[in-house]
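The following exercises are to be worked through with the sequence and the model at hand. Each task is followed by a solution in steps.

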Amino acid sequence: STDGSVTLAVGDVKSCTITNTDITPTLKLVKSPIQDNGGNETENDWTLSATNEGSGSDRDFSNLGGQGVFESVYANTNYLLAEIGPDGYSSNGWNCDGGTLIENSITLRLDEDVTCTIVNDDIAPTITLIKEVINDNGGNAGPDDFGINLDENGVLSGSTTSVDANTAITIDEEGLFGYESVSLTGDEGCPTELGDSVTLLPGENITCTITNDDIAPRLTVIKNVVGSDAKTSADFTMYVDGTNVSDDSFPGSSTGTTVTLNEGEYSVTEDLIDGYTDTYSEDCSGTISVGEEKTCTVTNTRDLGKIVVRKLIDADGDLETTDDRTPGENWVMDVDPDGGDTSNPDSNETDENGEVEFNNLKTGTYTVSENLKGGYEILDGFCGRENGSLDGESIYGVDVDKDDTVICTFINFLLDPEVSIE
């Protein structure tokens, strides 16, 4: 009978069978968010799941965090619990009111109804505000001299401040006289202008850097070249020696080149080209202050020298005797350049003393020649000591240095005294 009782008559033989069916356990997954740092996600922003770690997936399931119901699962089988949801939340793991939970894996016995809850707490976003001070012009302000702040609350440079998520936070500073604001840069989300704001999600961390620069002194360097057609201002390389010079080497310019540099001592120099003498104006060296502007003028003047040509007539044609020599008047002498950036004066005649001067010659190498008159031969020609060499009627390779007076001498002999000289 259905009540489990049986009545037997004399001689009866009966067989009884008891059938037991295992009762299916059930599992429910629940999400519980904590919003104490500005987070605004709801339970249903997470998807929760239970996956059989053994064989048989027909009782695996998933649901939104706020829509969990008791789902049938297999008893004595490990189920892996997992979630998918927004970033910026922390969790201490699953908490179940039954079953056997090891880390994220739970096993239920027959006829158990278990609820597993996972709590997620919104992580406060942070802003790290850094002040970068460029003291490349003599300033000495430090990072905490500018009054940087978040929502008008002062912070120290490099410190990290927790803020509320989903809330606009203004980044600004009070500023400091003598400094200009250069930039506001940093991670994605940082504003680009002081006084603007940033809004962060839970768990976001950004670093923003405010850069200020002290105002640089300015030095203008002017290069002038005097007395030369071969060289221009740009042929000279100018140098500015100082602290943090923006351009410490550049070609000269007659209109001027302006550089910035640090407050303090400075000087202007150049690569001097042979054959030129340089002069510097008063402001080419000294000290310069923040915000000050000065002009240095460097002038290069072409170096000059001269050649004096002497004509001597040797009466006996013997170079060993000198007391028979007389000045040669009205002899035509010529000085020709032997290279670039030199002078090419007109030829000229010797005076009554047998001399002619070629003044204001640009330093360099020259050829000194005479126009040989008929009836005369050249006995010798020389310039100073071992300066040039005679070949025919010319002395080649005569070097003229700055402020130098080179004396070149031609000695001639009259072949026939009765030949008239015109």
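**Exercise 1.** Determine whether Lys306 is buried or exposed, or falls in between, and identify its salt-bridge partner.

*Solution.* Step 1: Lys306 has a relative accessible area of 24%. Step 2: buried means under 20% relative accessible area, exposed over 50%, and partly exposed in between, with a 1.4 Å probe and protein chains only. Lys306 is therefore partly exposed. Step 3: the partner is Glu357, and the closest N and O atoms are 3.7 Å apart; a salt bridge requires a side-chain nitrogen of Lys or Arg within 4 Å of a carboxyl oxygen of Asp or Glu. Step 4: this pair links distant parts of the chain, with Glu357 in strand S30 (residues 355-362) and Lys306 in strand S26, 51 residues apart. Strands are DSSP runs (E, at least two residues), numbered from the N terminus. Step 5: Glu357, at 41% relative accessibility, is also partly exposed.

This is a predicted model in which local features need pLDDT of at least 70 and side-chain atom pairs count only at pLDDT 80 or more, whereas totals for chains, interfaces and linings use all residues. Residues are numbered from 1 along each chain as its sequence is written, and side-chain values use heavy atoms, without hydrogens and water.

**Exercise 2.** State how many salt bridges the structure holds, and describe the one between Glu173 and Lys131.

*Solution.* Step 1: there are 10 salt bridges in the structure. Step 2: in the bridge between Glu173 and Lys131, the closest N and O atoms are 2.6 Å apart. Step 3: Glu173 belongs to strand S14 (residues 168-173) and Lys131 to strand S10 (residues 126-134), so the bridge ties together parts that are 42 residues apart in sequence. Step 4: Glu173 is buried because its relative accessibility is 12%, and Lys131 is buried at 4%.

**Exercise 3.** Locate Thr367 and list its contacts beyond four places in sequence.

*Solution.* Step 1: Thr367 is in strand S31 (residues 364-370). Step 2: Thr367 has a relative accessible area of 10% and is therefore buried. Step 3: with contact taken as heavy atoms within 4.5 Å, Thr367 touches Asp334, Val335, Asp336, Asp338, Ser394, Ile395 and Tyr396.
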